[in-house]
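Subject: Structure for your review

Dear colleague,

Please find the structure below, followed by an account of what was found in it. I would be grateful if you would read the two side by side.

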Amino acid sequence: QVQLVESGGGLVQPGGPLKLSCAASGRIFSIYTMGWYRQAPGKLREFVALIASGGTTNYADSVKGRFTIIRDNAKKTVYLHMTNLEPKDTAVYYCHMAGTGYWGQGTQVTVSA
């Protein structure tokens, strides 16, 4: 059984930073590609970023240059460093273990003045 627990969401002003964390338990974390997705109200869940076991990263065009995904295999944790946040980034952010059905419960990010 795998548990993914996100944390770090909250209210932030436009232009501000925020760091999300996703802690995993129950499996060998290091072999899995980990991803972040988000879902805004009334919209479908969309891809944000992923990091492969070897450290290769990929980002949605909408967040390139503003978001950074990092993993710490010793801590079984993946992070999403978000900078220069915009109101359109407002969504529930979910962590996902690729190739499995495991998702976190989500953490709300609200960007508003």
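A charge is said to sit over a ring if NZ of Lys or CZ of Arg is within 6 Å of the ring centre and within 35 degrees of the ring normal. Arginine 45 lies over the face of tyrosine 94 in this way, 3.7 Å from the ring centre. The charged end of arginine 45 also sits over the ring of tryptophan 103, at 4.7 Å from its centre.

Please note that this is a predicted model, in which local features need pLDDT of at least 70 and side-chain atom pairs count only at pLDDT 80 or more, while totals for chains, interfaces and linings use all residues. Residues are numbered from 1 along each chain as its sequence is written, and side-chain values use heavy atoms, with hydrogens and water left out.

Aromatic pairs

Rings of Phe, Tyr and Trp (its six-membered ring) pair if their centres lie within 6.5 Å; planes under 30 degrees apart count as stacked, over 60 as edge-to-face and the rest as tilted. The structure holds two such pairs. Tyrosine 37 and phenylalanine 47 have ring centres 5.7 Å apart and planes at 70°, so this pair is edge-to-face. Tyrosine 37 lies in strand E4 and phenylalanine 47 in strand E5; strands (E, at least two residues) and helices (H or I, at least four) are DSSP runs, numbered from the N terminus. Tyrosine 37 also forms an edge-to-face pair with tryptophan 103, with 5.1 Å centre to centre and 65° between the planes. Tryptophan 103 is in the loop between E9 and E10, so this pair ties together parts that are 66 residues apart in sequence.

Histidine 96

Histidine 96, in strand E9, is buried at a relative accessible area of 9%. Here buried means under 20% relative accessible area, exposed over 50%, and partly exposed in between (1.4 Å probe, protein chains only). Tryptophan 103, by comparison, is partly exposed at 33%. The side chain of histidine 96 makes a polar contact with that of tryptophan 103 at 3.5 Å. A polar contact is a pair of N or O atoms within 3.5 Å; within protein, one must be able to donate a hydrogen and the other to accept it, and residues adjacent in sequence count only if both atoms are side-chain atoms. A polar atom of the histidine 96 side chain also lies 2.9 Å from the backbone oxygen of tyrosine 102.

The disulfide

Counting pairs of cysteine sulfur atoms within 2.5 Å, there is one disulfide. Cysteine 22 is joined to cysteine 95, with S to S at 2.1 Å. Cysteine 22 lies in strand E3 and cysteine 95 in strand E9, so the bond ties together parts that are 73 residues apart in sequence. The torsion about the S-S bond of cysteine 22 and cysteine 95 is about -75°, so the disulfide is left-handed. Both cysteine 22 and cysteine 95 are buried.

The core

A nonpolar core is a set of buried Ala, Val, Leu, Ile, Met, Phe, Trp, Tyr and Cys residues joined through side-chain atoms within 4.5 Å. The largest one has 30 residues, and those with the most contacts inside it are Met34, Trp36, Val78, Leu80, Met82 and Tyr93.

Backbone

Lysine 76 is in the loop between E7 and E8, and asparagine 84 in the loop between E8 and E9.

With kind regards
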